[in-house]
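Hi,

Here is the structure I promised to pass on. My notes on it follow below; have a look at the model first and then read on.

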Amino acid sequence: MADKPITAFLLTYRCVNEEIEKTVVELNNSGLVGSIFIVSSSEFGFNIPAVSFIKVENPFGSNSVREINEKAETPYILFILKQSGSELGSFSLDRMFGIAESSGTGLIYSDYYDLKNGNRSPHPLIDYQPGSIRDDFDFGPLFIISKEALNHFLTEDKTDYKFAGMYNLRLNLSRKYPVMRIPEYLYSINQTDSKKSGEKIFDYVDPKNIEVQQEMEKAATEHLKKINAYLLPKFEEVKTFDQEFPFKASVIIPVKNRVKTIADAVNSALTQKTDFRFNIIAVDNHSNDGTTEVLKSISISNKRLIHLMPERRDLGIGGCWNEAVNIANCGKFSVQLDSDDLYPDENTLQKIINLFDAEKCAMVIGSYKLTDFNLNEIPPGVIDHREWTDENGRNNALRINGLGAPRAFFTPVLWDLKIPNVSYGEDYAIGLAISRRYKIARIYEPIYLCRRWEGNSDAALSIEKQNSNNFYKDRIRTFEIIARKRMNTK
């Protein structure tokens, strides 16, 4: 109805009658919603009074965005991305509408509650920032966009994305309008996703999603160009150093309380066959579960293992790396091996150093295979980041949440840039900083086994910890975008 300020659109791949009916009742009871539309790629085989249906190829594509704009005749558009039954809080749409009206925001979203097995639990979100350009940023399943902002977007944008239409829309909105979060729990959603955090983190590299990822990369790249943060494929040469290194390579293993896995990791490094001298530096961050004793025992029998116990007690994984690369016995190239993981054969180290010699690059990143604790392959299997290209890899790196493994570095670059002293995102931060200036070379065959088990630090995180991790990586991207814009301006 024209006198009501909001038009609602339910975007869904699969229509379920009873769940949609619950949501429609909630919207009608709010008093603010006039027309209600269902936007779906599946057939709509049932009738709900006063609800219209829009059939599209993909509800999140560009055509869907244009259809929504054409049908909406109100100043605000409510998007609902989950059809699993929403329950609006007391005057929740009034709250969102009121703030949208008074602030001139382009997109507004809020925290919400999860409903599961009759229990209601808080689901806080995080604030949007310039570095929140990843395509999986979570606005929650319910948010409002202003019709003015949508009109402005469609006047300028003529792209046609099958999958990235909604992503492209919010990137464009963020350049011209505020994107605001209300830190209040304004609605509830039936929670049906049973995946743990440790399973979700690999969704974006699932090979089945390659076409989707290519579109997302294109949209993100255009955004970076428009904010002057895009980098051409021109790289600084890595400075050569005349000093002698005692070893050509060092395998760096930061470790704390991994008595179940540390011996496997160290032995997989010790068995590497190379045509150069290498050592292993295990940075024992004051373990108290028996890890220290295991490392001492191995180091006595094999002098290639340096068991390093830092004096400092304020070190994260990044800080442990900084300790390792700054000791006299660190090699010319520093190669990652996490204390949970393994090299799959005796040739990994040689392959990495051969690529350094061939490419004269600052960093090499390999590919890895996901396994369970017993080294059985688990989905999605090989993570090879084939979306990376020399032409656009360092731009697309700002869209995704990781760069791959194992990571290896020309050690003097780490003397210059330093790795952040944290235990999450430190590898991503240094990878972005290096990519801003230098070429990164890739190995696309799996040369690393990444073991997923209940002892992993990211196996099953609380929503608060997931938010903290995501906010930190968004902040890293914000730092990086600012640095790239400044570099381009200069």
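This is a predicted model: local features need pLDDT of at least 70, side-chain atom pairs count only at pLDDT 80 or more; totals for chains, interfaces and linings use all residues.

**Strand 6 and its neighbours**

Strand 6 pairs with strand 7 (residues 119-123) in the antiparallel sense, over five bridges. Helices (H or I, at least four residues) and strands (E, at least two) are DSSP runs, numbered from the N terminus, and two strands pair if DSSP finds at least two bridges between them.

Residues are numbered from 1 along each chain as its sequence is written, and side-chain values use heavy atoms, with hydrogens and water left out.

Back to the strands. Strand 6 and strand 7 form a hairpin with two residues between them, and Asn-117 in the turn has a positive phi of about 55°. Strand 6 also pairs with strand 8 (residues 142-146), in the antiparallel sense over three bridges; there Tyr-109 stands opposite Phe-143. With strand 9, strand 6 pairs in the parallel sense over eight bridges. Asp-114 has a bridge partner in two of these strands: Ser-121 in strand 7 and Ile-189 in strand 9.

How many of the 10 residues of strand 6 are buried? Eight are, so the strand is largely enclosed by the rest of the structure. By buried I mean under 20% relative accessible area, with exposed being over 50% and partly exposed in between (1.4 Å probe, protein chains only).

**Salt bridges**

The structure holds 28 salt bridges, each being a side-chain nitrogen of Lys or Arg within 4 Å of a carboxyl oxygen of Asp or Glu. Here are some of them.

- Arg-181 pairs with Asp-111, the closest N and O atoms being 2.9 Å apart. Arg-181 counts as partly exposed, at 21% relative accessibility, whereas Asp-111 counts as buried, at 2%.
- Lys-176 pairs with Glu-156, with 3.9 Å between the closest N and O atoms. Lys-176 is in helix 5 (residues 165-176) and Glu-156 in helix 4 (residues 147-156), so the link spans parts that are 20 residues apart in sequence. Lys-176 is partly exposed, with a relative accessible area of 44%, and Glu-156 is exposed, with 51%.
- Glu-222 pairs with Lys-225, the closest N and O atoms being 3.6 Å apart. Both lie in helix 7 (residues 210-226), three residues apart, about one turn of the helix. Glu-222 counts as partly exposed at 31% relative accessibility, and Lys-225 counts as partly exposed at 42%.
- Arg-134, Asp-136, Asp-474 and Arg-477 are linked in a network of salt bridges.

How do helix 4 and helix 5 sit relative to each other, and which residues make the contact? Their axes come within 10 Å and cross at roughly 105°, taking axes as lines fitted to C-alpha atoms, for helices over the stretch in contact, with angles from 0 to 180 degrees between N-to-C directions. The two helices are therefore roughly perpendicular to each other (angles under 35 degrees count as roughly parallel, over 145 as roughly antiparallel, 65 to 115 as roughly perpendicular and the rest as oblique). On the helix 4 side, the contact (heavy atoms within 4.5 Å) is made by Ala-149, Leu-150, His-152, Phe-153 and Glu-156; on the helix 5 side, by Asn-168, Leu-169, Asn-172, Leu-173 and Lys-176.

Helix 10 (residues 317-325) is largely enclosed by the rest of the structure, because seven of its nine residues are buried. Those residues are Gly-318, Gly-319, Cys-320, Trp-321, Asn-322, Ala-324 and Val-325.

**The core**

The largest nonpolar core has 140 residues, and those that touch the most other members are Phe-9, Leu-27, Leu-78, Tyr-109, Ile-352, Val-364 and Ile-434. Strand 17 (residues 440-451) supplies the largest share of this core, six residues. A nonpolar core here is a set of buried Ala, Val, Leu, Ile, Met, Phe, Trp, Tyr and Cys residues joined through side-chain atoms within 4.5 Å. Leaving aside residues up to four places away in sequence, Ile-434 touches Ala-362, Met-363, Phe-409, Val-413, Leu-417 and Ile-440.

Cheers
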